Amino acid sequence: MRKWNIWTLQRSHGSSHRAPSGFGITWQTVEGGIALRMILITVSPVRMWKAMLQTDLNTGRQRRIQRSTKTERSCSCFIVAPVFWNAVDLNRPYQLITLNERTPEYQTVTSYVKNDGLLGRSILSIFRIQNLDLWELFCRKEQQLMRIHGVKDIQEKRLFHGTKITNVDSICKYNFDLRLAERGVYGKGIYFAKYASFADKYSMCSMDPLPVDGGNKHNRPTKIMFLARVIVGKSTVGQANFLKPDHESLINTHDSCVNDINNPNIFVIFDPNQIYPEYLIHYK
């Protein structure tokens, strides 16, 4: 199992932000239309730094600035676009950005899907989902749950969800819709899997095009699945009649349901704001 490192940077004159754990480790502050941006991608044991940039959000002009080496733990979520997003268009509800196969981001996601997710299939393409509205809701939910539980950190996982290609546009635009969820073994919620190989069972082969420029260029049946950031928090074993983790209780002490409390590989979420659909995996 690969270990993901968490790093922080601190501005020389003020507060610091802990970068969210995972594939793209980023930091950004916005002051008067000027954004300070840094990207760190870690693939243990190799650490790859990219330049820290100051970007004028009005003109798009950038200049390199020197990074600080001071570190400090602070908030793990910030409500601005993650800095590794590119070509952000605020006039569109979401964007599907095709990852270049030569980038560390593509290689890290591929490794996670195949090695950690145990998916033994050929990946055709990987798309980063850029939806600032869903990202903001996700960040605010994380902050809310930390305040409710009185903690400075809350458990978050990257999990898989297989579905039909025709659902891609709706999920990327609106997130997973709890109203359409069917009652399952562990409750009426949105189901995610620890392993991509398990989520693959719920992904259907289709000739339908993806909602990106050019559509499905492979002229063959393909499948998709989402790799999502999911706030699982404190879990409890679910039951088929559950409508939320603490079924029929006014006090919410749990945030998700699982199939096994000691070794969970199925997670059920009852609040879509605990989900950010981060990557779309298109495969054979």
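Hi everyone, let's start in the loop between α3 (168-174) and β11 (190-193), where Asn175 lies; helices (H or I, at least four residues) and strands (E, at least two) are DSSP runs, numbered from the N terminus. This is a predicted model, in which local features need pLDDT of at least 70 and side-chain atom pairs count only at pLDDT 80 or more, while totals for chains, interfaces and linings use all residues. Residues are numbered from 1 along each chain as its sequence is written, and side-chain values use heavy atoms, with hydrogens and water left out.

Back to Asn175: its phi is near 85°, a positive value in a residue other than glycine. Most residues other than glycine have a negative phi. Asn175 counts as buried because its relative accessibility is 5%; buried means under 20% relative accessible area, exposed over 50%, and partly exposed in between, with a 1.4 Å probe and protein chains only.

Glu248 also has a positive phi, of about 65°, and is not a glycine. Glu248 sits in the loop between β13 and β14, and at 72% relative accessibility it counts as exposed.

That loop, between β13 (235-237) and β14 (256-258), also holds Phe242. Is Phe242 buried or exposed? With a relative accessible area of 10%, Phe242 is buried. Setting aside residues up to four places away in sequence, Phe242 touches Arg183, Tyr186, Gly187, Lys188, Val237, His247, Cys257 and Phe270, where contact means heavy atoms within 4.5 Å. Phe270 is 28 residues from Phe242 in sequence, and their C-alpha atoms are 9.6 Å apart.

Now the cores. A nonpolar core is a set of buried Ala, Val, Leu, Ile, Met, Phe, Trp, Tyr and Cys residues joined through side-chain atoms within 4.5 Å. The largest one has 53 residues, and Leu96, Phe192, Phe226, Leu280 and Ile281 have the most contacts inside it. Strand β12 (residues 223-231) gives this core its largest share, seven residues. Apart from it lies another core of six residues, among them Tyr186, Phe242, Cys257 and Val268. Leaving out neighbours within four places in sequence, Ile281 is in contact with Val109, Val113, Ile123, Ser125, Ile126, Lys223, Ile224 and Met225.

Glu105 counts as buried, at 10% relative accessibility. Which residue does its side chain pair with in a polar contact of 2.8 Å? The partner is the side chain of Arg128. Here a polar contact is a pair of N or O atoms within 3.5 Å; within protein, one must be able to donate a hydrogen and the other to accept it, and residues adjacent in sequence count only if both atoms are side-chain atoms. Thanks, everyone!
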